[in-house]
Amino acid sequence: MATVKKPAAKKPAAKKPAANPAAKKTTVKAASKKTAAKPAVKKVVAKAAPKKAAPAKTVSTELSVTGNKKIGTLMKEFNKKFPYLRLKICYSYARQAVAKGESISGIDVNKTLASVRRADSGGDISISGNKKIKSLEKEFDTVFGLYVQVCYTEKDGHRYYTSGSSDEKTLASFNAECEKNGCKKGEWK
């Protein structure tokens, strides 16, 4: 006679441990009058493991200014970093026109800094939020031989250059002040 093998008895599946055993929450139901004879029941509820935060985007703390950068690109990058401020970049002779109260026009935004700087100048500038406005303007004069003004637009649409005590402030603090005062944002042109 042929032997028939019986299938092996199945063992009950083992319970999977919680992802984070320290995150278990235990609650005990109190015995009511009706169930006074019954022992208290323990109920284990697993808490979801805390979600990991997405990695923070790294934002450059400094803006690098080199001779091969286009003026328009520099102005956009500056305004992106300091949304309530903008740069006005002019040839060095514009300083005398401003002193006389004359209107000045900026340099073509499609040109590079190297193509418009003084022939005997050259180098790089680093722009960060803790740099004073007057220091930035002076660096552009020293490194590139260009007249630069940090500007802002008030909520009524009037545009102004920084001067006096404003030039003593850092770019980050003056940007925050302009935001607080309701100045317009994104006016880099």
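To begin, what is the accessible surface of the protein chain, and what share belongs to carbon and sulfur atoms?

Modeller: The model is a predicted one. Its protein chain has an accessible surface of about 13700 Å², and carbon and sulfur atoms contribute 54% of that area. Of the 189 residues in the chain, 29% count as buried. The fold comprises 5 helices and 7 strands, arranged along the sequence in the order β-β-β-α-β-α-α-β-α-β-β-α. Among contacts in the chain with a separation of 6 or more, 64% are between residues 24 or more positions apart.

Against that background, strand E3 covers residues 62–65. Leu63 and Val65 form its covered face, whereas Glu62 and Ser64 form the uncovered one. The partner of E3 is strand E5, residues 125–128, to which E3 is joined by 4 bridges. The two strands run antiparallel. Within this pairing, Val65 of the covered face stands opposite Ile125 in E5.

One further element may be of interest. Helix H1 spans residues 71–81 and contains Lys76. The relative accessible area of Lys76 is 48%, so this residue is classed as partly exposed, given that exposed requires over 50%. Lys76 and Leu87 are 11 residues apart along the chain, and their C-alpha atoms are separated by 9.1 Å.

How values were computed. Residues are numbered from 1 along each chain as its sequence is written. This is a predicted model: local features need pLDDT of at least 70, side-chain atom pairs count only at pLDDT 80 or more; totals for chains, interfaces and linings use all residues. Side-chain values use heavy atoms; hydrogens and water are left out. Buried means under 20% relative accessible area, exposed over 50%, partly exposed in between (1.4 Å probe, protein chains only). Contact means heavy atoms within 4.5 Å. Accessible areas come from the Shrake-Rupley method with a 1.4 Å probe; for residues, only the protein chains shown count as cover. Two strands pair if DSSP finds at least two bridges between them.
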